[in-house]
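Student: I'm new to this one, could you walk me through it? I'd like to take it slowly, topic by topic.

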Amino acid sequence: MYTPDFHYHKAGSVAEAIEMLGHHEDSRLLAGGHSLLPLMRLRLARPATLIDIGGLDDLKGIRVHDDDIHIGALTTHGEIARSHDLEHANSLVAEVAGGIGDPQVRNRGTIGGNIAHADPASDWGTILTVMDGSVEVQGPNGSRTIAIGDFFQGAFVTAVADNEIITGIRVPTLVRQGHGHDHGHDHGHGHDHGAESINGEVGEYAKMSHPASFYPVIGGAVVINAEGGRCVSARVAVGGLVPTPRRAPSVEAALAGQELTASNLEEAANQLANDLGDEIIGDIFASADYRRAIAPVEVKHAMLHAIGLAHH
């Protein structure tokens with residue numbers, strides 16, 4: 001199906017794109033196009049003007065500085081997956097990027113476009129939530145940073161104003177201690193010495209996805225800070241079953257201070273029901289009841305993989 005008619009403008013800079021957004025009524029930004037164009041073909045979105053920002057090199061690239069990672073909004077999923085710097089600094093983020101969609105999606109789709117779309121099932125929404133990330137935006141009044149907990153405001157709704165552009169995403173590194181501060185290089189794979197050898201942060205993401213499209217129906221992400229086989233603290237997030245990605249404080253509290261054994265991880269994962277509320281999504285991919293039942297399983301799988309008690 002063809003898209004409805006629209007006017008097309010190519011921006012030469014971020015400032016020009018912002019000016020165009022203010023000048024053209026009912027305009028949308030176009031980057032990789034993997035979210036917007038299918039909606040337009042289905043007549044679910046009918047913007048009068050598309051402003052192409054795909055050529056803005058200032059919005060591309062990955063920079064790692066100390067414990068902070070900056071990812072330009074126009075960096076593709078494939079570029080994130082292939083980044084050696086990111087693999088060393090936060091291999092959880094790099095591996096998640098490598099599992100998004102198919103090669104065509106990874107080579108064209110951008111992280112900024114993905115989170116701007118705010119699909120409840122987005123891999124990035126869940127990962128940025130568990131990582132306590134933030135989103136940088138720029139508009140006519142300057143730049144601002146939005147904490148990820150405030151960014152997603154509902155299904156397909158974000159805190160970005162109509163005249164603002166997402167310019168970058170920030171996430172922290174994963175810090176492994178006791179091994180030369182190896183920043184998360186082994187985030188859940190190859191732990192041959194068991195959970196007791198983990199000192200520092202390990203992270204993992206597990207999802208149930210559609211076998212054809214790899215659409216993430218349910219996703220669970222964990223970051224565990226461990227010392228000598230015991231959980232010091234944890235961050236847990238889920239996506240795909242609620243309108244916005246959600247932290248799981250009941251699971252986090254159940255993990256804190258516990259030995260990292262399979263039984264303790266399962267017991268903690270089963271606390272997820274306390275954090276889900278009544279807004280469980282049901283659609284053609286899975287019913288609400290099914291999502292509610294499977295979500296703790298994916299969280300448990302992420303935990304087991306993170307500490308090396310199970311492998312992909």
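Tutor: Let's begin with a term: buried means under 20% relative accessible area, exposed means over 50%, and partly exposed is in between, computed with a 1.4 Å probe on protein chains only. The model is predicted, so local features need pLDDT of at least 70 and side-chain atom pairs count only at pLDDT 80 or more, while totals for chains, interfaces and linings use all residues. Residues are numbered from 1 along each chain as its sequence is written, and side-chain values use heavy atoms, with hydrogens and water left out.

Student: Okay, so is Asp283 buried, exposed or partly exposed?

Tutor: Asp283 counts as partly exposed, at 33% relative accessibility. Its salt-bridge partner is Arg291, with the closest N and O atoms 3.0 Å apart, and Arg291 counts as buried, at 1% relative accessibility. A salt bridge here is a side-chain nitrogen of Lys or Arg within 4 Å of a carboxyl oxygen of Asp or Glu.

Student: How many salt bridges are there by that rule?

Tutor: The count comes to 13 salt bridges. One of them joins Glu279 and Arg246, whose closest N and O atoms are 3.5 Å apart. This pair links distant parts of the chain, 33 residues apart, since Glu279 is in the loop between α12 (273-276) and α13 (288-307) while Arg246 is in strand β14 (residues 246-247). The element names come from DSSP runs numbered from the N terminus, with helices being H or I runs of at least four residues and strands being E runs of at least two.

Student: Which residues are linked in a network of salt bridges?

Tutor: That network links Asp132, Glu201, Arg235, Arg247 and Glu252. Within it, the side chains of Arg247 and Glu252 meet at 2.6 Å, N to O. Arg247 is partly exposed, with a relative accessible area of 27%, whereas Glu252 is buried, at 13%.

Student: And where is Asp132?

Tutor: Asp132 is in the loop between α8 and β6 (134-139), and it is partly exposed, with a relative accessible area of 47%. Its phi is positive, about 55°, although Asp132 is not a glycine. Ala118 also has a positive phi, near 60°, in a residue other than glycine. Ala118 is found in the loop between α7 (111-117) and α8, and at 2% relative accessibility it counts as buried.

Student: Switching topic, which residues have the most contacts inside the largest nonpolar core?

Tutor: They are Ile115, Trp124, Ile127, Phe151 and Ile166, in a core of 36 residues. Helix α5 (residues 91-98) gives the most to this core, with five residues. A nonpolar core means a set of buried Ala, Val, Leu, Ile, Met, Phe, Trp, Tyr and Cys residues joined through side-chain atoms within 4.5 Å.

Student: What is Ile127 in contact with?

Tutor: Leaving aside neighbours within four places in sequence, Ile127 is in contact with Leu92, Val93, Val96, Tyr205 and Ala221, where contact means heavy atoms within 4.5 Å.

Student: How do α5 and α8 pack?

Tutor: Helix α5 and helix α8 (residues 123-130) pack at an angle of about 175°, with their axes 11 Å apart. Axes are lines fitted to C-alpha atoms, for helices over the stretch in contact, and angles run from 0 to 180 degrees between N-to-C directions. That makes α5 roughly antiparallel to α8, a label used for angles over 145 degrees, with under 35 counting as roughly parallel, 65 to 115 as roughly perpendicular and the rest as oblique.

Student: Which residues make that contact?

Tutor: Leu92, Val93, Val96 and Ala97 of α5 meet Asp123, Trp124 and Ile127 of α8.

Student: What about Ile148, buried or exposed?

Tutor: Ile148 is buried, with a relative accessible area of 5%, and it is found in helix α9 (residues 148-151). Not counting residues up to four places away in sequence, Ile148 touches Leu128, Thr129, Asp132, Gly133, Ser134 and Val135. Ile148 and Gly133 are 15 residues apart in sequence, and their C-alpha atoms are 5.5 Å apart in space.

Student: Last one, where is Leu42?

Tutor: Leu42 is in the loop between α2 (36-41) and β3 (49-52), and it counts as exposed, at 57% relative accessibility. The C-alpha atoms of Leu42 and Thr3 are separated by 7.7 Å, although these residues are 39 residues apart along the chain.
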